Amino acid sequence: MPPTAANSASQPGDPPGTQRVMVDAGARVKVLLPLPLAGAYDYRLPFDLPAEIGAFVTVPLGNRRVNGVIWGPAGEDGVAEDKLREVIGVHPLPPLPAANRAFVDWLSGYYLAAPGAVLRMAMSVPAAFEPPRTRTAYRRGTPVEGVKLTAARQRVLEAADDGFALPASELARQAGVSSSVVKGLAGLGALETVQIPDEGRWRMPDPALPGADLSAAQREAADAVSKAVEEDDFSVTLLDGVTGSGKTEVYFEAIAAALAAGRQVLVMLPEIALSSQWLGRFERRFGAAPAEWHSDLTQTQRRRTWRGVAEGRVRVVVGARSALHLPYPDLGLIVVDEEHETAFKQEDGVAYHARDMAVVRARLAGIPLVLASATPSLESHVNALDGKYCAMHLPQRHGGASMPDVQLIDITKDKPGRQQWLSPSLQKALRETLDAGQQALLFLNRRGYAPLTLCRTCGHRLACPNCSTWLVEHRFTRSLQCHHCGYTGRMPQNCPSCDDAESFAACGPGVERLWEEATALFPDARGEVVTSATVHGPLQAAAYVKRMANLETNLVIGTQIVAKGYHFPMLTLVGVVDADLGLNGGDLRAAERTYQLLHQVAGRAGREGHPGRVMIQTASPQAPVMQALARHDRDGFLRSELDLREQTAFPPFGRLAALIVSSRDEEAADRAARLLGRTAPRGAGVEVYGPAPAPLSLLRGRYRRRLLLKTGREISVQKVLRDWLKDFQVPSQVRLQLDIDPYSFL
Ligand code: ADP
Ligand code: ZN
């Protein structure tokens with residue numbers, strides 16, 4: 001229904017950008033429910049309940065009540081009149097914006113997912129639909145005699161003087177005291193308690209505060225992205241600049257432009273929970289913190305932020321994938337930082353790629369998008385080459401810091417000792433770095449002590465009971481873990497197969513074992529192991545950053561989380577212990593990912609005055625990806641990767657979709673997979689590989705078979721898949737998962 005003057009308006013108090021398109025009183029409406037159903041259901045809107053398209057409503061479903069969204073008017077030909085049930089209530093919230101609704105439909109069509117399953121991501125906070133709660137707040141009461149005014153109490157009364165009622169914690173924070181001082185004053189009658197709506201308070205980020213003094217190249221890029229914001233139309237700018245070149249400073253200017261225009265901004269970061277440095281920078285630049293959105297939030301934080309976004313009170317959201325689904329009424333800009341990160345690909349539930357969907361979201365809303373990376377994904381690189389994206393380059397590090405010197409170490413020649421993993425040259429460099437009072441980082445993308453444990457007597461290997469993988473020994477927690485399903489067990493005393501005692505041998509290194517080696521070599525080093533287990537939230541991340549900044553730690557041994565955008569001026573040596581690790585497995589993007597990851601790790605070295613060096617241990621120093629790293633020849637690497645993909649018609653020159661058939665019953669999985677194989681589509685530009693056992697042929701107790709559909713770029717994989725699957729009945733004990741544009745081939 002197109003908006004007309006008569007039925008389209010915004011209401012007083014609506015956030016800017018709100019379009020209300022009223023539904024006729026008493027009309028039939030389609031209501032989409034956040035459930036994996038095939039489509040929206042028909043309901044009748046009672047005559048006395050005005051509502052608009054996009055309104056959040058409560059409807060009956062069976063004998064339950066569920067919240068959903070009015071998706072549009074429904075024809076008279078749907079559910080019979082006597083079966084049609086009525087909408088129970090309309091939530092006093094702004095409607096789900098049209099761009100969000102179009103986004104749900106688009107995402108569901110592209111990924112062949114139930115629209116309700118997609119809507120569920122936008123309605124992930126049930127508490128947001130409950131009546132607003134209240135909380136106790138404190139303000140200055142009438143002066144009371146006989147209250148002893150300590151300095152702390154005095155400060156609280158001063159902070160409370162502006163007449164606003166504030167929660168105890170906030171008042172205490174402003175006064176620099178503990179909440180008990182506030183509550184004590186209330187008990188004495190010097191502060192008055194009132195009930196206020198329990199809503200988040202967000203200070204407005206101030207775009208007028210001065211930004212950095214930009215270099216000429218930075219200024220040019222900043223002008224381009226700011227202009228895109230002012231044009232207020234769909235565009236994609238790829239900020240392609242080496243690590244430390246000031247990409248963040250540049251897109252801060254775009255954010256400032258959007259804020260100055262009164263619009264909302266979404267910034268997507270792959271690991272927001274660990275991005276304390278980024279949050280600090282934002283707050284210093286704009287004088288206020290952004291709202292965060294990630295899985296570490298409490299339910300209360302989620303409710304406040306969801307409503308704050310819906311009601312337009314939250315101006316800047318920084319979040320992970322799921323932040324894309326928040327109900328922004330007036331989004332004016334999206335930024336995706338580290339756009340190449342595979343963490344943007346969701347593997348569970350609806351398997352979607354948040355960077356790709358950010359492009360779609362921006363297009364549907366008609367707003368600009370900024371993608372930032374030092375190592376753009378091949379997909380984005382090609383779009384820039386084709387002129388679909390506007391590319392802005394920042395070839396130099398800010399402040400004259402040079403790119404680190406990268407040296408390849410051939411470990412077949414420069415051999416580490418037996419049961420050791422640090423080559424003599426890397427050991428020497430570590431010694432020099434520590435002696436110079438600088439910091440070193442050893443990168444090994446493997447958690448735990450050893451990836452494989454076997455019995456020396458009988459050769460038995462300790463395997464996961466639920467998956468076709470080996471268990472990883474973790475010595476710090478004295479456990480055996482499966483990194484795929486989360487299984488944890490104790491290390492057995494005797495071999496479960498031959499019952500021999502003390503016969504286990506650890507094979508291969510994990511970060512814990514490397515730590516053992518490094519501390520034995522450098523007993524004076526202040527070493528620390530950093531993995532997702534030791535640094536898994538904002539607090540630990542901030543503590544880690546602090547230990548590094550204070551030089552309390554001078555040797556970090558870590559997995560990929562140390563590759564993140566941390567900036568440590570005294571970190572001058574990065575050692576990549578096993579650069580070949582990510583190249584095994586025959587994954588389409590193995591080389592690309594290895595390049596991106598190692599480049600990012602390398603980018604931690606020498607970010608300020610002290611020159612950095614990077615030593616990469618590899619058994620194949622001649623491999624193109626290693627050569628490209630050593631020569632800083634990213635574009636050469638991208639060209640050779642592109643050639644390869646083009647010759648083989650793999651993405652972005654062709655399209656892929658994976659079908660994963662799984663069941664607890666191996667026979668059933670095989671049967672279903674074979675049936676899919678027999679009915680597989682054929683034709684020009686369409687190929688199907690498999691079925692074959694997945695590399696992880698057993699995962700969480702389910703047997704898995706894979707098929708891979710590959711088509712030409714001009715062919716719609718969605719259509720091919722729909723035709724293929726339309727007559728396929730998924731047997732009851734079998735699950736069929738579709739993965740469009742797959743990133744994982746396990
Ligand atoms: P990138 O995002 O490209 O890795 P950053 O924006 O993080 O780069 O910049 C790297 C470092 O240099 C940061 O500490 C940043 O504050 C600083 N920096 C970058 N550009 C400027 C500038 N024009 N003036 C002052 N500091 C800058
Ligand atoms: Zn397992």
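# Reading a zinc site and a buried valine

Reply: V562 is buried, with a relative accessible area of 2% (buried means under 20%, exposed over 50%, partly exposed in between, with a 1.4 Å probe and protein chains only). This is a predicted model, where local features need pLDDT of at least 70, side-chain atom pairs count only at pLDDT 80 or more, and totals for chains, interfaces and linings use all residues. Residues are numbered from 1 along each chain as written, ligands from 1 in the order written, and side-chain values use heavy atoms, without hydrogens and water.

Me: Which residues does V562 touch?

Reply: Contact means heavy atoms within 4.5 Å. Leaving out residues up to four places away in sequence, V562 touches L441, F443, V530, Y544, V556 and R604.

Me: Which residues coordinate the zinc ion (ligand 2)?

Reply: Donors are N, O and S atoms within 2.8 Å of the metal (3.2 Å for Na, K and Ca); water is not among the atoms, so sites may look incomplete. Here the SG atoms of C464, C467, C482 and C485 coordinate the zinc ion (ligand 2) at 2.3 Å. Their spacing in sequence is C-x2-C-x14-C-x2-C.

Me: What arrangement do the 4 donor atoms make?

Reply: The ideal angle for four tetrahedral donors is 109.5 degrees. Four donors count as tetrahedral if all angles lie between 85 and 135 degrees. Around the zinc ion (ligand 2) the angles are 106 to 114°, which makes the arrangement tetrahedral.

Me: Is C467 buried or exposed?

Reply: C467 is buried, at a relative accessible area of 3%, while C485 is partly exposed, at 23%.

Methods:
Four donors count as tetrahedral if all angles lie between 85 and 135 degrees; four count as square planar and six as octahedral if opposite donors are over 155 degrees apart and all others between 65 and 115; anything else is irregular.
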